[in-house]
Amino acid sequence: MIYPANFEIKSGFAVIRNFLHQRCLVNYSHDLVDAISFNTDFITLNRQLGQTAEMKYVLQFVPGFPQQDYYDLSEELIRIRVKGTYMEADTLGALKLSLEAITAIIGFILYLDTEKYGELRKLLPPGMPDREIIKRVSSIIDEKGEIRDNASERLSSIRKEIKSRISTIDRRINQILGQARKDNIVNDDAELTIRNGRLVLPIPAGNKRKLKGYVHDTSATGQTVFLEPAEVFEMNNEIQNFKVEEKQEIINILTSFTDFVRSYIEELLSFYSFLGEIDFIRAKALLAVDLQATKPELHKDTLTEWRNAVHPLLHKSLLKQGKSIVAQDIKLDSDKRIMVISGPNAGGKSVCLKTVALLQYMLQCGLLIPVSEDSKAGIYSKIFLEIGDEQSLENDLSTYSSHLIHIKYFLENADNRTLFLIDEFGAGTEPQLGGAMAEASLQKLNSIGSFGVITTHYTNLKLLAGDNEGLFNAAMLYDTRAMMPLFKLNIGKPGSSFAFEIANKIGFPEEVVANAASKIGSSQLDFEKQLAQLDVDKKQVARKIDELKVADETLAELVNKYNKLLNDLESRKSTVIKDAKSRAQQIVADSNKLIEKTIRDIKENQAKKDATKQLRDDFQKAAIDLLKKDSMDVEQPVVIEELGPVRKNREPLPLRKGSYVKMEGQDAVGIIDDLRGSKALVWFGSFKIKTTVDKLIIATPAEIKVYEGSKLFQIKSSSIINDLSAKMADFRMSIDLRGKRPEEAKEDLAKYIDQAILLRVKEVKILHGKGNGVLRNMVHEYLNDNPEVLRLEDEKPDRGGTGITIVFLH
């Protein structure tokens with residue numbers, strides 16, 4: 001149920017319907033537009049919205065959909081049901097083109113994916129138009145839509161006769177003209193002309209009897225007559241007789257074809273119904289593209305949860321003026337059913353209310369609406385609208401009387417699936433009484449369980465919304481510094497009317513404003529000031545939340561990048577350490593062999609002093625050569641102890657600054673940076689750790705060698721980490737190329753993508769704008785040729801659409 005009767009005019013839907021008519025091509029689709037009406041059936045609405053959404057995607061992103069030669073011949077087919085009737089030649093051309101278009105549309109939809117375009121595929125008829133009809137038409141008419149000479153043998157013969165006689169007439173009349181010039185019957189510069197469709201000679205009136213023939217016309221002065229020679233006149237009459245025969249033969253051909261088509265009429269009518277329905281859906285899809293409309297998530301229950309909703313008509317109007325519209329987030333659910341919007345005049349309250357009315361009605365008429373795709377929308381069984389001045393002199397109704405009549409209807413007919421919309425609730429009479437009536441009516445509608453949006457300046461309604469379950473306040477934001485509306489709906493708090501502030505801004509006399517303020521009392525002023533301050537505080541909090549959200553997202557991205565980088569470095573470090581340990585084990589094995597050989601030689605020489613000294617020197621030299629063989633620089637000298645019995649209980653060496661140590665239970669070697677009593681500060685790689693001396697163990701020479709060998713890697717990796725950290729800190733997740741020349745933009749894009757690949761960034765955004773598409777084409781061409789690019793996607797429509805490209809990297 002819709003109320004009032006002129007709902008479509010009040011809500012603006014009449015303009016939307018007209019937009020649809022402008023986009024229709026065939027009569028049947030115009031009829032379907034006229035038949036659009038409010039619908040409450042979930043299955044029907046979901047199907048209609050799905051069809052339009054799929055068609056919208058096809059028109060935007062799937063090339064090749066047929067959109068021409070849409071001719072509706074339904075009326076002509078119904079006319080020729082009667083035997084003896086026939087189709088005209090020009091109709092045959094439209095028949096052929098339209099059947100070819102229908103065939104192309106069916107073929108195109110058959111090619112589409114069944115799962116993705118299920119609703120469109122359900123529209124397909126069981127078959128294709130019979131190709132024999134198109135073939136027969138092609139044999140009768142040519143590409144220009146004219147009857148072919150060979151459409152029948154009889155027609156071909158007649159036209160040959162006509163052409164032959166026309167040629168004879170042309171030759172003979174030129175001979176007569178030449179002779180008339182020689183005989184001075186006509187002027188020397190006289191030329192053939194046409195009168196009444198026949199070639200005639202212009203002859204001076206005084207000479208008209210010198211040439212036998214028939215006068216078809218005279219000049220305005222009467223000095224010249226236009227005469228057709230008698231000989232030519234007879235031949236022209238013969239041609240006219242042939243043309244009568246030609247016309248009759250064409251009728252015979254068309255009648256024969258019509259008799260052939262008559263058996264296909266019912267089948268063809270179904271195909272033209274399909275064409276009309278496709279054209280209707282196409283018109284809705286084209287309008288959706290123009291209005292940037294989408295299909296929200298549809299629910300059977302009463303629900304409104306819209307993100308970035310805009311009034312489509314206001315949006316189009318502002319675009320023509322080079323202005324942008326402020327999108328609104330609107331939510332009505334079972335807990336918060338009735339929204340009470342307050343705020344300054346010209347702040348957007350009524351626009352917000354009209355947006356709800358128009359978009360919900362559009363949705364339940366099967367049209368896509370301008371909201372974000374992640375929005376949710378339910379179905380209401382009734383929509384009631386009260387807006388505007390309906391003062392009637394004929395019915396002796398004042399503005400307020402008319403207002404009360406509408407509210408009375410709401411109270412008598414509303415239920416828990418009703419959406420009511422009331423602009424300036426209670427206005428039009430004494431404020432205190434009007435406010436009381438509005439409050440009582442609102443309480444009644446709330447008790448019924450209805451859903452609604454109202455706008456008001458009345459304080460009692462604001463307070464009512466704050467204290468009653470089911471009702472909630474909302475306000476149109478106002479910039480108290482610039483003293484101008486922000487046109488943004490803010491849920492949760494009532495808004496001030498800013499009457500005095502607006503009066504001051506427009507230069508209203510100060511003494512009058514001050515006098516007015518004194519009359520309403522300090523409590524009301526304090527309430528208005530508190531509302532204003534709440535607006536300011538809430539905007540500041542919202543701004544801080546946005547800043548923190550951006551910072552948190554940036555930090556999360558950096559932490560993720562650093563974790564990946566650290567894992568990569570740890571993996572490489574493990575490999576290096578493993579190789580170093582392997583080399584150390586080989587050195588130990590070789591050293592053991594050297595020691596065993598030296599001990600054996602000492603025993604063989606019976607530990608003589610000179611021989612032992614020589615063997616010690618040889619051992620020292622061999623040990624150094626062994627280390628040099630591994631190509632690693634060792635700063636610590638190799639310590640060779642006196643060879644002798646191995647001591648099982650060696651005393652631990654004293655710790656000092658610069659000593660190489662390990663932590664108990666750990667393999668990593670570090671260097672003591674500072675010692676203070678029992679406390680030690682130790683460098684392990686790029687980390688400095690505080691610990692106690694009793695937890696440290698002196699590293700062995702082999703472990704020291706491994707550590708020194710890995711220092712080179714640590715130095716290099718530390719430098720790499722620092723460099724990457726600096727680059728990561730300065731790196732931005734998007735680049736703006738708008739306003740740049742293609743050559744300059746391409747160079748900047750190449751540098752940016754190279755840096756993203758270096759830093760292992762997986763996703764970036766390229767802002768190139770829409771414009772004429774030059775920058776976008778350049779960006780896509782460059783990125784498609786880059787092997788490191790995984791894929792490209794356009795940003796979501798409400799976040800920039802085709803003006804932003806999302807790049808996914810390997």
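**View 1. Strands β7 and β8 are joined by four bridges.** Strand β7 covers residues 304-309 and runs antiparallel to β8. Ala 309 has Gln 328 of β8 as its bridge partner. Strands of a sheet pair through backbone hydrogen bonds, parallel or antiparallel. The model is predicted: local features need pLDDT of at least 70, side-chain atom pairs count only at pLDDT 80 or more, and totals for chains, interfaces and linings use all residues. Residues are numbered from 1 along each chain as its sequence is written, and side-chain values use heavy atoms, leaving out hydrogens and water.

**View 2. Four strands form an open sheet in the order β6-β10-β7-β8.** The pairing is mixed; two strands pair if DSSP finds at least two bridges between them. At the edges lie β6 (297-298) and β8 (328-332), each pairing on one side only. Strands are DSSP runs of E with at least two residues, and helices are runs of H or I with at least four, both numbered from the N terminus.

**View 3. Helix α13 packs on the sheet.** This helix (residues 349-363) touches β6, β7, β8 and β10 (376-377), where contact means heavy atoms within 4.5 Å. Its direction makes about 110° with that of β7; axes are lines fitted to C-alpha atoms, for helices over the stretch in contact, and angles run from 0 to 180 degrees between N-to-C directions.

**View 4. Residues 391-396 have pLDDT under 50.** pLDDT is the predictor's confidence in each residue, from 0 to 100. The model has four contacts beyond four places in sequence for residues 391-396.
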